[in-house]
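Here is a briefing on the structure shown below. Please keep the model open while reading.

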Number of protein chains: 2
Amino acid sequence: MDHYLKLIGKVHSELRRLEDCPLLEHENAPEAAIEIFEEFRDAVKNIKPGDDIILLTWLHKADRTILTTRPRNNPGAAITGVFSTRSPDRPNPIGIHFVKIVSIAENNRFKVSGLEVLDGTPLIDIKPGLR
Amino acid sequence: MDHYLKLIGKVHSELRRLEDCPLLEHENAPEAAIEIFEEFRDAVKNIKPGDDIILLTWLHKADRTILTTRPRNNPGAAITGVFSTRSPDRPNPIGIHFVKIVSIAENNRFKVSGLEVLDGTPLIDIKPGLR
């Protein structure tokens, strides 16, 4: 089996620039919508408003060569391995987002709350919320 | 940026066959070890015993063409879109595992508790536990 990701959809958001993104999840993140591409629609047919889900995204603006970093909001802090941080800059820039389905919009889009990624960010998986 | 995953390490576990895998996380999962490949070691240098981490794995035995399924333990149940399930069979077979670092073993391996994946499963990311 290869290790090439299939892009299953994408995010529609008011967040257009990296500087607009909140530092922490749920920190003033605007409501966003997710679009599921036609060929994957069967896989979302049971998802409904009120569901808590885990979205996995591919943070396509990230730098995949970065292995160590400093906290973005604390430039004086010690350098840390990226696997101890939530920095998007890492070998595989996968984002994990715990969000709630707010409503089902037209064009097979789902409105979700609390999603802090850039407009156009690819989706790679959706899982049920853990509880 | 391409969408090809880098394999950052792999799992060493007593679980050798799919039939041996517990249905739910923490359900009798044995202690396992994760090995980080040499080129990614800088990225784990701050990880220490007691840390709660999120492991992302690539469930390499999965069927990536599956979009709908039935619960494994309830063959009479209705067919469900895979994005409402935790089935490994899905377009991108990424596993999310909430585990704890038990100890640091030789050969740059970390012993972890509660990891229910097959021996040899590739690792693709490590993130700090959410709280």
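The points below cover the fold, the pairing of the chains and selected salt bridges.

This is a predicted model. A rotation of 180° with 0.0 Å of shift along its axis places chain A on chain B, with an RMSD of 0.0 Å. The two copies are thus related as by a two-fold rotation axis. In chain A, Tyr4(A) has the C-alpha nearest that axis, at 2.2 Å.

**Fold of chain A**
- Chain A has eight strands and zero helices.
- From the N terminus on, its elements read β-β-β-β-β-β-β-β.
- Chain A has 131 residues, and 50% of them count as buried.
- Take the contacts in chain A between residues at least 6 apart in sequence: 74% of these join residues at least 24 apart.

**Interface between the chains**
- Chain A gives 47 residues to the contact, and chain B gives 47 residues.
- The copies meet through the same surface, because 100% of the interface residues of chain A are also interface residues in chain B.
- About 4,500 Å² is buried between chain A and chain B, and carbon and sulfur atoms give 64% of that area.
- Between the two chains, 20 residue pairs are in polar contact, counting pairs with both residues at pLDDT 80 or more.
- Four strands of chain A each supply at least two residues of the side that touches chain B: strand 3 (52–58), strand 5 (80–81), strand 6 (94–105) and strand 8 (122–128).
- Strand 8 of chain A gives the largest share of that side, five residues.
- By class, that side of chain A has 27 nonpolar, nine polar and 11 charged residues.

- Side chains of opposite charge can pair when their charged atoms come close.
- Two salt bridges are found across the interface of chain A and chain B.
- In one of them, Arg90(B) meets Asp125(A) at 3.1 Å, N to O.
- Arg90(B) sits in the loop between strand 5 (80–81) and strand 6 of chain B.
- Arg90(B) counts as buried, because its relative accessibility is 0%.
- The side chain of Arg90(B) also reaches the backbone oxygen of Ser87(B), at 2.7 Å.
- Leaving out residues up to four places away in sequence, Arg90(B) touches several residues of both chains, including Ile126(A), Lys127(A), Asp63(B) and Phe83(B).
- Within chain B, Lys127(B) forms a salt bridge with Asp125(B), the closest N and O atoms being 3.0 Å apart.
- Both partners are buried: Lys127(B) has a relative accessible area of 5%, and Asp125(B) is at 0% relative accessibility.
- Shared partners join Arg90(A), Asp125(B) and Lys127(B) into one salt-bridge network.

**Other salt bridges**
- Over all chains, the count is 14 salt bridges.
- Arg109(A) pairs with Glu35(A), with 4.0 Å between the closest N and O atoms.
- Arg109(A) lies in strand 7 (residues 109–113) and Glu35(A) in strand 2 (residues 32–36) of chain A, so the pair ties together parts that are 74 residues apart in sequence.
- Arg109(A) is partly exposed at 27% relative accessibility, whereas Glu35(A) is buried at 16%.
- Lys48(B) and Asp51(B) meet through their side chains in a salt bridge of 3.1 Å, N to O.
- Lys48(B) is partly exposed at 48% relative accessibility, whereas Asp51(B) is buried at 18%.

**Ile96(B)**
- Ile96(B) lies in strand 6 (residues 94–105) of chain B.
- Ile96(B) counts as buried, at 4% relative accessibility.
- Ile96(B) and Arg72(B) are 24 residues apart in sequence and 18 Å apart in space, C-alpha to C-alpha.

Methods. Residues numbered from 1 in each chain as written. Chains lettered and ligands numbered in written order. Predicted model: local features only at pLDDT ≥ 70, side-chain atom pairs only at ≥ 80, totals over all residues. Heavy atoms only, no water. Least-squares fit on C-alpha atoms with pLDDT ≥ 70 in both. Contact = heavy atoms within 4.5 Å. Buried area = accessible area lost by both parts, 1.4 Å probe. Polar contact = N/O pair within 3.5 Å; in protein donor to acceptor, adjacent residues only side chain to side chain. Nonpolar A, V, L, I, M, F, W, Y, C, P; charged D, E, K, R; others polar. Buried < 20%, exposed > 50% of the residue type's maximum accessible area, 1.4 Å probe, protein only.
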